[in-house]
Amino acid sequence: MDGPYDWKQLGMDLLDRAPDNVRERLDPHGDRGPSAPFNNVFNVDGTPAKPIPVTADNADAMGLEWGYVLHDHGIEVIALTWYVIGPIVPWDTDPLSRISGTPLLWDPTRPPPIQAPAAPLKVTKPVAPAPTPARPRITR
């Protein structure tokens, strides 16, 4: 998800390999487009802006509130105003869950503040195509 500066929009292309039923529940009308970074970003003097790497040393000065670290087993969500690490949200968490935006609740010693939806997501496996029927052999 690296962009040259920042993201204008995170889109459905991030779910390209997700099951169809997940994509349909997140975008039932098919009206969300692909991800798009901001472009045409310039300094005050008119020169093209260069990306500023975010580090632990400058994140506070930049006014960042949240940090996300991608792990094999899930995404670590860090409420930077309160903590230096965060709880892990497993990758199989239903994307329609209610997720708290209150930084204080993202205590790394507790489970993530996530409430599953009333109707849980049903992941269905694609149905394999039916085998092609054998052609009858013509013998003479």
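## Starting at valine 77

Valine 77 has its place in strand 4. A strand here is a DSSP run of E with at least two residues, a helix is a run of H or I with at least four residues, and both are numbered from the N terminus. This is a predicted model, so local features need pLDDT of at least 70 and side-chain atom pairs count only at pLDDT 80 or more, while totals for chains, interfaces and linings use all residues. Residues are numbered from 1 along each chain as its sequence is written, and side-chain values use heavy atoms, with hydrogens and water left out.

Is valine 77 buried or exposed? With a relative accessibility of 8%, valine 77 counts as buried; buried means under 20% relative accessible area, exposed means over 50%, and partly exposed is in between (1.4 Å probe, protein chains only). Setting aside neighbours within four places in sequence, valine 77 is in contact with Trp66, Gly67, Tyr68, Gly86, Pro87, Val89 and Trp106. Contact, by the way, means heavy atoms within 4.5 Å. Take tryptophan 66 from that list: it sits eleven residues from valine 77 in sequence, and their C-alpha atoms are 7.2 Å apart in space.

Strand 4 covers residues 74-79, and six of its six residues are buried, so the strand is largely enclosed by the rest of the structure.

Strand 3 and strand 4 run antiparallel and are joined by six bridges; two strands pair if DSSP finds at least two bridges between them. These two strands form a hairpin, with two residues between them. Tyrosine 68 has valine 77 in strand 4 as its bridge partner, and tryptophan 66 stands opposite alanine 79 of strand 4. Strand 4 also pairs with strand 5, again in the antiparallel sense, over three bridges. Here glycine 74 has proline 90 of strand 5 as its bridge partner. As a bit of background, side chains in a regular strand alternate between the two faces of the sheet.

## The whole chain

Let's step back. Of the 140 residues in the chain, 21% are buried.

The accessible surface comes to about 11700 Å², and carbon and sulfur atoms hold 57% of that. Such areas come from the Shrake-Rupley method with a 1.4 Å probe, and for residues only the protein chains shown count as cover. Among contacts in the chain with a separation of 6 or more, 34% are between residues 24 or more positions apart.

## Loops worth a look

Two residues sit in the loop between helix 1 and strand 2: glycine 30 and serine 35. Glycine 30 is exposed, at 56% relative accessible area, whereas serine 35 is buried, at 16%. The C-alpha atom of glycine 30 is 9.1 Å from that of methionine 12, with 18 residues separating the two along the chain. Serine 35 touches Trp7, Gln9, Leu10, Gly11, Asp13 and Leu14, leaving out residues up to four places away in sequence. A polar atom of the serine 35 side chain lies 2.8 Å from the backbone nitrogen of glycine 11.

Further along, aspartate 94 is in the loop between strand 5 (88-90) and strand 6 (98-99). Aspartate 94 is buried, with 12% relative accessible area. What does the side chain of aspartate 94 reach? It reaches the backbone nitrogen of leucine 96 at 2.8 Å.

The structure holds one salt bridge, a term for a side-chain nitrogen of Lys or Arg within 4 Å of a carboxyl oxygen of Asp or Glu. In general, side chains of opposite charge can pair when their charged atoms come close. The side chains here belong to arginine 110 and aspartate 107, at 3.9 Å from N to O. Arginine 110 counts as exposed at 56% relative accessibility, but aspartate 107 counts as buried at 17%.

Methionine 62 is found in the loop between strand 2 (36-37) and strand 3 (66-71), and at 37% relative accessibility methionine 62 counts as partly exposed.

Key:
Polar contact = N/O pair within 3.5 Å; in protein donor to acceptor, adjacent residues only side chain to side chain.
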